[in-house]
Amino acid sequence: MDQPFALTSDLKDNCLVIATSGYVNNVGGEAIAKEFTRHFEKGTKKIVINLAKSKVVNSIGMSFLIEIIEQLEDAGGKLVFTDLDPAVEKMLAIMGLFKYAGKEPTVEDALRVLTSRK
Amino acid sequence: MSAVTNHVDLAKSSSRLLAKLFKNSKIDFLYRSQNSSDWQLLVDGRARGLEQIRDFLGDRNQSSFSLKKTPIGLCSASLMADDSLFAIALKSPSSRAKFSETDKVLLRLFIYLLDTAYQQLLHRRNEKSLIFSLNHRVLQLNSLIDTGIEVSKLDQSASLQQLALERAASLTNASKGIVRIREGDKVVEESFFPDRFSTQAINGEQQTIATSFKFANRAFTFELFEKESRRGVIPFEDTDQMLLDALARQVHASLENRFLLEKELENQRFEQDMAVAAAIQKKIIPIKLPDIAGYDVAGINIPSKSVGGDYYDCIPLGDGSFALVIADVAGKGVPAALLVSSLHAYLSAYLEGAIPLSQLAQRLNKVIWRASTDDKFITAFIGILKPGNGELEMLNAGHNPTYLLRRDGSVQELGAVGLPLGMLDMDFPYQSERITIEKGERLFLYTDGITEAVNEREEFYDVERPLRDFFLGHQPAQSGAFIRELITDIKKFTGSAPQSDDITALYLRRLP
């Protein structure tokens, strides 16, 4: 049985690192978007979303992720997903999220990629 | 993606353009969605747009496009393709400066331009929504196939149902789900997703879809609750029900396949056990009986398909005597074959020690009891024959009576005098008997595979054709001939009915 959705966030090297656990659905997606907006409005444009503890994502949750990607794209920012379960990775790929967002094995890898971006 | 993606951005970029056309004018952009009566001030250029639009429209519904001078300035409102309204309010930099007719034409042209841009925005939005929807359908199909493969691989049935539930919930955008397994009315197992919840709090049939199947006297029910959307909970669609049905069918098929596989493996193990048991039995049953001077002895063992635990032998002993043995283990298969093997080994060892037959039986009783499970025991007839004078010391431990045909034509039954070997863990006092087999007399030992042989009508051989009568009625010159005639008679009786138990017999004739 999965756990209820929960989220933690941390600022590292000017990058927002959001780590989720549980079902990324309407509730989960909205929570991610809210946390993103809070930091985005303060100028943070590099985001890492660690989905290690989220094995299930639905399309409503994905629609929130797409909106984040669009906002970052317009602002010249970048989103990188990390620690993806193979099933989740396949879902995000089919939904076309990796056309505009990156994916890395770990948060450290993602931070390395984002901080090397000019 | 860098193109304008929403009406707010469209208003902002349009206001910058309009500011170049109406230099020094104050400009407001307003928006009202199709389902709302409230205006939103998207761009606040301090043109008092909300006041102007109220003066301009009042309570009237906007039909398409209009433009009007207001007490404050110039206001234009346009009905867009999706029934929303865009309004632009201009206020001149000073009260003395008035908007000209040219300004009105200019604003009208600008509104047309805005309308076109908004249509493109809607088109892009629809296109994006369509692509998202198509991708989601591809995702659903892909996930359905993947789940089918995954559930066929999983070892634990609990994780199999949990996986199917998770996939069903995510593919249908259900907020939660449950799998219940019932035996009769009793719920024996429950799996929740994403976590435990109470179904009592959920109202409305449209908020639930369910499917169920039965397997191995259990009813499996999958239920999903509250289809999510960005606007809140919406009714499930037909395709959601189809997806849930398909995933449940995959679980059902996987459970059935696993059951059939386990059954097949069990059959294979059983066949292997039977082969082992048959090999053990084959090694123990004598290929050829020893020659006994003054006697003619013959025996047979026909194992049944399921391999029983029959045993017979004629063992030459050191002092010139011979041990005649016939035994039958309760049960079949490897356990019975192993017990026969134990009996054979212990019997051979004890016979070498030349201990009294009653003591031998007591020892066998103990070792067989230790070597067997509670439901296993051995019925046996053991006789020590001194060929010279025909003396037979014998002991019947719960076995069928042995027949002795006397010279006067009478048949003596040598019945059981003790409990089967290994039945009880106690020092049961087995008593042996002594008889003498005179010249011309015949001894017949057999197992219940003969007396209880059944025909197609499920009649017993011994009931329909008493074995005692056959023994009395068939007195061929050679022991081997008796055995052959007996087997022929049994097969004639049983016909096409399958052999249910081992058939074993030992026949000894003292030559005249």
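## Sheet and helices of chain A

Helix 1 of chain A, residues 26-40, lies across strand 1, strand 2 and strand 3 (46-53) of chain A. Helix 1 runs at about 165° to strand 2 of chain A. Helix 4 of chain A, residues 107-116, also packs on the sheet. Helix 4 touches strand 1, strand 2, strand 3, strand 4 (78-82) and strand 5 of chain A. The direction of helix 4 makes about 160° with that of strand 4 of chain A. The model is predicted.

| Helix (chain A) | Residues | Strands touched or crossed | Angle |
|---|---|---|---|
| Helix 4 | 107-116 | strand 1, strand 2, strand 3, strand 4, strand 5 | about 160° with strand 4 |

Now the sheet itself. In chain A, 5 strands form an open sheet. Their order is 1-2-3-4-5, and the pairing is mixed. Which strands of chain A are the edge strands? They are strand 1 (6-12) and strand 5 (102-104), and each pairs on one side only. From one strand to the next, the twist averages 25°.

Strand 1 of chain A pairs with strand 2 (residues 15-21) of chain A through 7 bridges. These two strands run antiparallel. Within strand 2 of chain A, Ala19(A) stands opposite Thr8(A).

Chain B comes next. It has 512 residues, and buried residues make up 35% of them. Chain B holds 11 helices and 20 strands. Among its contacts with a separation of 6 or more, 64% join residues 24 or more positions apart.

Conventions: Residues numbered from 1 in each chain as written. Chains lettered and ligands numbered in written order. Predicted model: local features only at pLDDT ≥ 70, side-chain atom pairs only at ≥ 80, totals over all residues. Pairing = 2+ DSSP bridges. Helix = DSSP H or I, 4+ residues; strand = E, 2+ residues; numbered from the N terminus. Axes fitted to C-alpha atoms, helices over the stretch in contact; angles between N-to-C directions. Contact = placed C-beta atoms within 7 Å. Buried ≥ 20, exposed ≤ 12 C-beta atoms within 10 Å, placed from the backbone.
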